[in-house]
Amino acid sequence: MKKFLFLLGLFSALVTNAQYFQTGQDPANIKWRQINTTNFQLIYPDYFEEQAQNLALKLEKVYDFGSYSMGYKPTKISVILHTQTVQSNGLVAYAPKRSEFYTTPHQAIYPQDWLEQLAIHEFRHVVQIDKVNEELPGIVKLILGEQGTALVFGTYLPWWFIEGDAVVSETALSKYGRGRFPSFLMEHKAQVVEKGKYSYDKAYLGSYKSYVPNHYKLGYYMVAETRKKYGSEIWEKTVSRVGKKPFSLTPFNKALKLETGLGKVKLYSSVFDSLEVEWKEADKQFQAAPFLLVSPPVKTYTEYQYNHWINENEIVSLKTGLNQIPVFVKINSEGKEEKILRPGIIFDESVNYRGDWIVWAEQIPDVRWSHSGSSLIQFFNIKTNKKVELKTEYKAFAPALSPDLNAVVVVESDFSNNHYLSVYQQSTGEIVKRIHTKENYYFFSPMWLNKDEILAVILNENGKRLALFDLKTGDYKVILDKELGELKQLRLNGNEVYFISSYNGKNALYSYNLSSGSVKLIFEPRFGSAYPDIDKNGNIILSDYTADGFQVIQLEKLLSTPITQVKEEDYKLAKEMAQQEPGVINFNEVDTSRFISKPYKKSSNLFHFHSWAPLSVDPYLYEFMPGFSIMSQNKLGTAETILGYKYDLSEETGTVYAKYRYKGWYPVFDFEVNAGKQGFWQQNTDSTFVRISKKMTELSADIYMPLNLTKGGYYRLLQPEVRYIFTSYNNDDTPLERTYHSLLYRLYYHQILRQSAQDVFPNFGLILDYTYRHSPNGIKGMGSISAGQAVLYLPGFMPNHGFQVYSGTQNKDKGEIFSFSNVVSFPRGWMNLSNDNMSSLALDYKLPLINPDFSLTGLMYVKRITADLFADYANLKGTYSDKNGTYPFDYNISSYGLEIMGDVNFLRFYAPAKIGFRTSYLKETDEFVFDFLLSINFNSL
């Protein structure tokens with residue numbers, strides 16, 4: 001019985017999350033190659049050959065190290081390399097089983113080669129999920145295929161463990177890792193010291209009221225502290241039990257109790273109770289240097305970053321927070337704030353200033369390809385409001401304007417991961433100089449020393465080092481060759497270079513004297529600091545981290561402590577994790593031999609059947625029915641296939657179907673075939689109804705083009721679409737056959753402003769949607785319909801409130817027998833009514849009521865409750881018939897009501913649900929209608 005209930009629940013999870021895990025597509029013109037090693041298949045663009053060869057060797061090096069503490073060596077896995085993305089990321093997925101690397105490094109990486117970081121971290125995920133698959137009872141894999149493993153893994157293992165275990169691995173198997181990264185570690189310290197320990201549910205599932213460090217950071221402390229106390233084998237035993245006992249409702253919790261005597265909630269309390277004592281004791285010993293608060297006090301978590309003195313009385317900073325999308329603001333000496341400009345999506349560590357100019361590097365997605373994109377360097381003058389754009393040849397980060405304002409230096413990376421310091425002419429956008437080291441070092445935080453020399457941080461085999469570059473010769477020399485951990489955010493004042501370093505275990509402010517070569521500690525923060533700036537008088541501002549975010553402070557007293565008198569942090573927890581592993585991976589000792597590579601043909605790899613189910617599962621409509629289905633997604637994510645049979649219990653009819661979607665070309669192609677029987681109720685001449693069965697065959701072909709036009713603060717999408725549908729009905733009792741053809745044309749566009757976490761609607765947005773559907777010329781039977789819809793979002797009366805205005809109109813030309821379904825929305829509470837013409841209006845005012853962060857014994861965790869007041873109206877025109885004739889009608893319907901919704905996590909499942917009710921008053925019938933509302937957001941996984 002328990003197994004039956006588990007499988008039933010698993011099928012339900014399969015339905016609610018029955019969707020292809022799709023990350024997007026690469027440009028169609030890429031020619032792919034592959035390398036097959038003992039344990040990996042690398043799939044990569046042909047121009048990435050040398051880098052792929054090196055990565056293959058490094059992955060094989062990681063294999064034994066990364067699997068050691070989990071006690072399991074995984075089976076072979078495919079690794080797809082996305083080389084043209086503007087994002088830096090990595091992932092591992094099952095269904096289909098593969099890993100994906102986004103190969104471009106970013107400015108906020110810790111001091112290790114980016115592909116090495118990905119190799120260690122992502123391989124640990126491979127070990128985790130493949131171990132679950134190995135231990136999983138055969139019946140689950142037999143019934144569900146790879147998606148069975150994915151569902152057990154994602155349902156039973158908390159995300160704090162999945163990511164925390166990988167962060168521990170990257171830390172223990174290298175000299176760095178995020179476990180030695182103060183900016184990664186400081187958020188929990190500040191929260192616990194200043195606000196206390198949160199409940200487990202809040203710490204894991206988040207909050208709209210308070211900032212909560214993410215599950216990577218929570219997971220590092222949980223996994224590492226547990227390994228420290230109980231040994232590294234604790235997590236191997238836990239993962240094994242999850243795989244072996246999926247029919248148990250809580251195998252992860254049960255395993256923890258067997259090994260530690262504590263479930264995950266009590267384990268969390270144990271870990272953070274100890275950390276609270278440790279951190280508060282250390283905080284008591286901290287002596288804060290005096291400073292002046294520059295940014296205004298905040299009530300909600302807010303961050304001020306990328307600071308700059310405009311003059312002695314004004315600064316500019318980038319402000320963001322739980323209730324605020326990013327915006328550049330001006331702050332005067334009295335703490336008053338003025339908005340300047342709302343930028344687009346900015347790359348990490350890619351804002352700089354010169355005089356009255358702000359310069360930043362903005363992400364620009366490719367119009368069509370998710371795994372491609374470009375950079376746009378933006379210049380904005382604070383005084384004149386002049387805005388200038390510069391397009392770079394390659395992906396560009398960390399821009400810095402020259403002293404004469406005529407040039408800008410950027411860090412560039414091409415598709416082959418060659419890294420450059422590039423200088424562009426500001427006015428013309430022409431390339432002036434490009435510096436590339438023979439070792440292909442990556443660059444950080446470039447800064448002009450003078451018109452001919454640039455200071456920048458390089459990442460070499462020893463870590464991050466400060467180097468001086470000669471623009472005339474292209475030569476460079478390392479001028480600060482000392483291990484300082486993190487080294488970033490260079491600022492020049494006379495002969496002193498100020499920078500942020502993690503040398504003492506905090507991101508503190510240091511200075512380097514260009515003449516003497518001396519390094520001094522200038523300011524030690526309580527938790528962490530960032531983004532310093534120095535005015536002509538030597539006044540220093542920077543961002544100081546608190547549990548309520550980064551605040552801007554001005555230093556009133558500076559330290560001048562030689563670095564020889566500063567104690568270097570040894571990161572005891574990271575050191576203990578390293579002692580449980582076989583050692584630090586030495587990538588410099590990797591074999592230099594080459595693997596055989598060969599073409600990876602897209603045409604012969606369109607199908608990869610990975611999962612199936614004893615149910616008919618539709619991943620696009622989120623529904624299931626009795627029957628069976630088999631699913632395919634190729635490794636490049638360009639082709640999806642579903643084959644199956646479904647049985648309709650109410651109609652007692654069955655249908656065989658096939659669906660195929662191809663995304664590898666500029667337009668997307670959808671094809672679908674359904675063949676079977678369909679039941680109808682037919683009215684006899686005596687007004688009685690009889691049920692008849694018809695053979696039905698339906699074919700559809702759809703072509704659409706999703707064009708991503710996102711730029712600045714707005715998400716923009718333009719999508720034209722054309723669909724052809726052929727339907728044939730044939731009665732069982734008569735040879736009469738009817739065929740119908742229809743064409744649909746659709747044009748969709750949206751432009752929506754980014755939302756903050758606390759916004760219930762965007763503060764501004766526009767959606768336009770036009771559809772026309774008809775039978776082709778010369779073919780009768782289906783009629784036609786044209787429909788236009790529009791949605792407008794506007795800010796509400798108070799912050800985070802919002803209006804939504806909907807308008808729609810449609811006109812139908814009925815066919816001989818059938819007419820097309822309604823497109824325009826009906827007033828809530830009303831059923832769809834037949835009509836020839838319809839106009840509809842709706843007004844919503846939505847607001848957050850309360851952010852309770854309330855937990856009910858693990859059954860549910862309520863983060864937010866919202867209210868939506870609505871008023872809907874529609875005018876319908878058409879005709880109706882009775883035995884006396886046909887008559888026109890023209891009437892209005894309306895509804896008014898309230899929706900109350902809760903943002904809830906059930907059973908501590910990470911994907912949040914929206915659950916609530918709607919009550920609608922139907923004015924014309926004088927009645928109330930109640931509806932139950934539920935949706936689950938799996939995009940958060």
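Leaving aside neighbours within four places in sequence, lysine 73 is in contact with Tyr63, Asp64 and Ser67; contact here means heavy atoms within 4.5 Å. I start with that residue and then move to the helices and sheets. This is a predicted model, where local features need pLDDT of at least 70, side-chain atom pairs count only at pLDDT 80 or more, and totals for chains, interfaces and linings use all residues. Residues are numbered from 1 along each chain as its sequence is written, and side-chain values use heavy atoms, with hydrogens and water left out.

Back to lysine 73. Its place is the loop between H2 and strand S3 (77–82). Helices (H or I, at least four residues) and strands (E, at least two) are DSSP runs, numbered from the N terminus. The side chains of lysine 73 and aspartate 64 are joined by a polar contact of 3.1 Å. A polar contact is a pair of N or O atoms within 3.5 Å; within protein, one must be able to donate a hydrogen and the other to accept it, and residues adjacent in sequence count only if both atoms are side-chain atoms. Lysine 73 and glutamine 128 are 55 residues apart in sequence, and their C-alpha atoms are 9.9 Å apart in space.

Next, two residues inside helices. Alanine 56 belongs to helix H2 (residues 49–67). Is alanine 56 buried or exposed? Alanine 56 is buried, at a relative accessible area of 0%; the cut-offs are under 20% for buried, over 50% for exposed and partly exposed in between, with a 1.4 Å probe and protein chains only. Not counting residues up to four places away in sequence, alanine 56 touches Ile35, Thr37, Leu42 and Phe595. From alanine 56 to lysine 141 the separation is 85 residues in sequence and 29 Å in space, C-alpha to C-alpha.

The second one is glutamine 117, in helix H3 (residues 114–135). Glutamine 117 is buried too, with a relative accessible area of 5%. Its side chain reaches the backbone oxygen of glutamine 112 at 2.7 Å. With residues up to four places away in sequence not counted, glutamine 117 touches Ile109, Tyr110 and Gln112.

Now a helix pair. Two packed helices are described by the angle between their axes and the distance between the axes. Helix H7 (residues 182–195) packs with helix H12 (residues 264–284) at an angle of about 85°, and the axes are 9 Å apart. Axes are lines fitted to C-alpha atoms, for helices over the stretch in contact, and angles run from 0 to 180 degrees between N-to-C directions. H7 and H12 are therefore roughly perpendicular to each other; angles of 65 to 115 degrees count as that, under 35 as roughly parallel, over 145 as roughly antiparallel and the rest as oblique. On the H7 side the contact is made by His188, Lys189, Val192 and Val193, and on the H12 side by Phe272, Glu276, Trp279, Lys280 and Asp283. How do these residues divide by type? There are four nonpolar, one polar and four charged. Ala, Val, Leu, Ile, Met, Phe, Trp, Tyr, Cys and Pro count as nonpolar, Asp, Glu, Lys and Arg as charged, and the others, Gly among them, as polar.

S27 pairs with strand S28 (residues 540–546) over four bridges in the antiparallel sense. Aspartate 533 has isoleucine 541 of S28 as its bridge partner, and alanine 530 has serine 543. The two strands form a hairpin with five residues between them, and glycine 538 in the turn has a positive phi of about 85°. Six of the six residues of S27 are buried.

One more hairpin to finish. S7 and S8 are joined through two residues. Strand S7 (residues 302–311) and strand S8 (residues 314–321) run antiparallel, with seven bridges. Tryptophan 309 has isoleucine 315 in S8 as its bridge partner. Nine of the ten residues of S7 are buried.

Definitions and conventions: Two strands pair if DSSP finds at least two bridges between them.
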